[in-house]
Amino acid sequence: MKFKNELIVFSNKYLSLFRNPEVTDKEIADELSEWMFEHGVVMDCGESLHAMFPEFKALYSVREFGLIVSKICDVNILLTAIFSKYRYISHWSYEEKLTGIENRNWFILAFQRVLELENQEDVANASIFFRGNLIKLRLSAPINDLETRQCIQVGEHGEVNIWDCSSEQPIQDGDFQTQTKTHQMRELDAKNLLNLISMFFRTYESDMHVQEGGWKLVLENERGERFLFYGEGQKELYLDHIGLSALMRQYLNRPDLFLFDGKPRKRLQKQMDEYIFVNVFWGSGAKTYCYLCDDEFVAPGDEVVIPVGKNGKSRIVSVASVLIATEKNAPFPVEHCKKVISRIDK
């Protein structure tokens, strides 16, 4: 009973430490190592964990550890794994930190499971769902070749950075490449976007099955706590039937972003003296009508809003085809052609 009580106190303490964004590696290392030695915990380089789950790299990957952690029913296995991972990072790895995002979430999962096995009532607080007020997001999404990733960072004051990086490169603060594109969005729009994103990830369970080809997302709250999520690429996420990718493209005014669904829009290639014309279906018949369009991302199958009549009314119609032409070769006189009001993002 004494060991159980000490274990609960120890696990709750380190659960809080790993969730504290201000804690240092030294603060964790000093007391964790001492407690493990004092209570006779064995450090076996992860052999016991690997023996139970040989097909998983559970000691080194938070995603693979997440797949099997709920199947571990022996506290001693967990403590040995915790001690082994700690020793690996603090003594043998020259680049990793105990407080790195992935390692932090690994230890959170481990201590959460210890408390579950010890029947601790306050386990719910160990959830790694997002909590707090979202002030910054960083999304890394695979591009078609899978060797390059498109990275997007959005801050609460409207600062936006977009850059490409290697698929092997982690997403970190300030780690922007020379091709970084920076622009400013309205602060109110940024706050609204971040609020909608945070609403979704308060209940989203990270997909630990995802392979390297999926997206990675880091959310940071007002306390500096960071939450890491994974997901399958080319699959949209929905908040009340609204796609998060479509939502981000609309707020950022960047239809060409890959994001969660991996479906960027291609910009039409046109010269300065060329116009974009769209033929739209109107009604149930096969007849189409021609309209001018300023949207360089419009494509067949899109729904667009067009003006109807002379009373300021509008109507939603479907695009049948898109044509780029000069005024001389236009399918309809430019000066008499009505213009599409907007394209509808789905």
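This is a predicted model: local features need pLDDT of at least 70, side-chain atom pairs count only at pLDDT 80 or more; totals for chains, interfaces and linings use all residues.
Residues are numbered from 1 along each chain as its sequence is written, and side-chain values use heavy atoms, with hydrogens and water left out. Helices (H or I, at least four residues) and strands (E, at least two) are DSSP runs, numbered from the N terminus.

**Helix α2**

- Ile 28, Ala 29, Leu 32, Ser 33, Trp 35 and Met 36 are the buried residues of α2, with buried meaning under 20% relative accessible area and exposed over 50% (1.4 Å probe, protein chains only).
- They lie on the same side of α2 because they cover an arc of only 165 degrees around the axis, taken from the directions from the helix axis to the C-beta atoms.
- On the face turned away from that buried side, α2 carries the exposed residues Lys 26, Glu 34, Phe 37 and Glu 38.
- Gly 40 follows α2 and has a positive phi, near 70 degrees.

**Strands around β12**

- Strand β12 (residues 313-326) runs antiparallel to strand β9 (residues 274-281), joined by 8 bridges; two strands pair if DSSP finds at least two bridges between them.
- Within β12, Leu 323 is the bridge partner of Phe 277.
- Strand β11 (residues 303-308) also runs antiparallel to β12, through 6 bridges, and Pro 307 stands opposite Ser 314 in β12.
- A hairpin is formed by β11 and β12 with 4 residues between them, and Gly 309 in the turn has a positive phi of about 70 degrees.
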